[in-house]
Amino acid sequence: MAHRWNNDLSRADITPEATFLNRRHVLAGLAASGLSAVAGRARAETLEPNSWEEITGYNNFYEFGTGKGDPAEYAHLLTTKPWSVKIDGMVDRPGDYDFQDIMSEMTVEERIYRFRCVEAWSMVIPWNGFELADLLAMAGVQEGAKYVAFETLYRPEEMPGTRYPVLDWPYREGLRLDEAMHPLTLMATGIYGKPLPNQNGAPLRLVVPWKYGFKSIKSIVRITLTDKEPPTSWNMAIPSEYGFYSNVNPEVSHPRWSQASERKIGGGFFVKRVPTLMFNGYEKEVAGLYEGMDLAKYF
Ligand SMILES: Nc1nc2c(c(=O)[nH]1)N[C@H]1C(S)=C(S)[C@@H](COP(=O)(O)O)O[C@H]1N2
Ligand SMILES: [Mo]
């Protein structure tokens with residue numbers, strides 16, 4: 001599959017942000033560019049990934065409970081083999097796509113992304129995955145499609161958290177088609193080069209780095225192309241707090257807490273909070289998608 005990202009931006013464009021390349025490449029690039037070791041270290045440190053233990057031990061996956069430790073404790077109950085994803089709606093080739101068949105078509109690469117939860121904690125995660133756009137191309141998006149709807153597996157016998165009506169199951173999310181096609185939008189299939197652990201959304205989950213974490217839906221079984229804005233679980237549950245867009249925006253506060261700063265998980269609870277960046281630091285890449293929109297209204 002083609003890789004739009006590499007075609008759109010040169011390495012020179014992205015190295016200063018140290019955002020999309022893995023750390024070895026970043027460090028090699030900095031050394032080659034003659035930057036001082038100190039500057040190099042400072043830049044690399046801004047995206048120092050969280051540890052495997054942090055990434056896989058502190059999660060939100062309400063199908064396994066609402067506690068941050070529940071997914072690590074209970075997600076092993078989930079069977080992820082075999083797995084297929086139904087792609088339907090406004091596509092040329094609707095059907096059930098087997099996960100292994102999808103993987104054999106895709107080039108999986110590593111990308112280190114900032115990941116920020118609406119509750120104002122954040123992590124930096126080295127994902128492995130492929131662009132959602134490549135998967136959508138497999139199914140062939142039809143003219144007139146404007147949105148992409150996603151659904152998580154709903155299998156109560158393996159998901160103890162679904163016994164409680166905290167959300168209207170199955171977990172649902174959605175993106176506008178241009179957001180879905182953006183080269184930063186990833187279908188993640190791994191972390192640190194290993195297959196995605198169940199608690200992180202095995203075998204495949206969305207990662208939209210400029211949006212709050214809840215948009216990054218886990219363990220996806222259905223993707224539907226549509227011309228209408230799809231309902232989303234968090235918006236259905238609490239519409240005043242969770243909008244369809246959910247772009248990381250330090251200027252728009254959540255009704256119950258500020259969104260202006262965040263605490264990076266790891267290094268102890270007293271690590272100082274850092275200011276949250278517009279679009280989670282991906283402003284240069286994605287601000288154009290929202291030109292002319294009132295982001296306080298479309299939150
Ligand atoms: N199916 C499903 N996907 C989900 C959630 C969930 O409860 N169920 N939680 C979301 C929230 S609120 C966050 S912050 C991220 C957490 O991803 P992580 O546990 O891999 O860090 O997953 C998102 N995707
Ligand atoms: Mo979240």
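Analyst: Happy to. Let's begin with a term we will need: a residue is called buried under 20% relative accessible area, exposed over 50%, and partly exposed in between. Please keep in mind that this is a predicted model.

User: Then how does K86 count, and why?

Analyst: K86 has a relative accessible area of 33%, so K86 is partly exposed. K86 also has a charged partner: its side chain meets that of D96 in a salt bridge, 3.3 Å from N to O. K86 belongs to strand 1 (residues 84-89) and D96 to strand 2 (residues 95-98), so this pair links distant parts of the chain, 10 residues apart. D96 counts as exposed, because its relative accessibility is 53%.

User: What is the general idea behind such a pair?

Analyst: Side chains of opposite charge can pair when their charged atoms come close. In this model the count comes to 14 salt bridges. Another one of them joins the side chains of E119 and K68, at 3.1 Å from N to O. Here E119 sits in the loop between strand 3 (109-116) and strand 4 (121-131), while K68 sits in the loop between helix 5 (52-57) and helix 6 (70-74); the two are 51 residues apart. With a relative accessible area of 34%, E119 is partly exposed.

User: Are E173 and K215 buried or exposed?

Analyst: Both E173 and K215 are buried. They form a salt bridge whose closest N and O atoms are 2.7 Å apart. E173 lies in strand 6 (residues 172-176) and K215 in the loop between strand 9 (205-207) and strand 10 (220-226), so the pair ties together parts that are 42 residues apart in sequence. Salt bridges can also share partners, and in that way D88, E151 and R222 are joined into one network.

User: Which side chain does N247 join in a polar contact?

Analyst: The side chain of N247 is joined to that of K211 by a polar contact of 3.0 Å. You will find N247 in the loop between helix 10 (233-237) and strand 11 (261-264). N247 counts as buried because its relative accessibility is 8%. Leaving aside neighbours within four places in sequence, N247 is in contact with several residues, including W210, Y212, F279 and Y290.

User: Where does F64 lie, and which residues does it touch?

Analyst: F64 lies in the loop between helix 5 and helix 6. Its relative accessibility is 1%, so F64 counts as buried. Not counting residues up to four places away in sequence, F64 touches D70, P71, Y74, A75, L78, E158, M159, P160 and G161.

User: Now the ligand. Which residues come nearest to ligand 1?

Analyst: Of the 16 residues around ligand 1, those that come nearest are N59, Y62, E63, T152 and K218. A backbone N or O atom of Y62 is 2.7 Å from an oxygen atom of ligand 1. The side chain of R205 has an N or O atom 3.0 Å from an oxygen atom of ligand 1. For S216, a backbone N or O atom lies 2.9 Å from a nitrogen atom of ligand 1.

User: How much of ligand 1 does the protein cover?

Analyst: On its own, ligand 1 has 530 Å² of accessible area, and the protein covers 99% of that.

Note on methods: Residues numbered from 1 in each chain as written. Chains lettered and ligands numbered in written order. Predicted model: local features only at pLDDT ≥ 70, side-chain atom pairs only at ≥ 80, totals over all residues. Heavy atoms only, no water. Salt bridge = Lys/Arg side-chain N within 4 Å of Asp/Glu carboxyl O. Helix = DSSP H or I, 4+ residues; strand = E, 2+ residues; numbered from the N terminus. Buried < 20%, exposed > 50% of the residue type's maximum accessible area, 1.4 Å probe, protein only. Polar contact = N/O pair within 3.5 Å; in protein donor to acceptor, adjacent residues only side chain to side chain. Contact = heavy atoms within 4.5 Å. Near = heavy atom within 4 Å. Areas by Shrake-Rupley, 256 points an atom, 1.4 Å probe, with all protein chains shown as cover.
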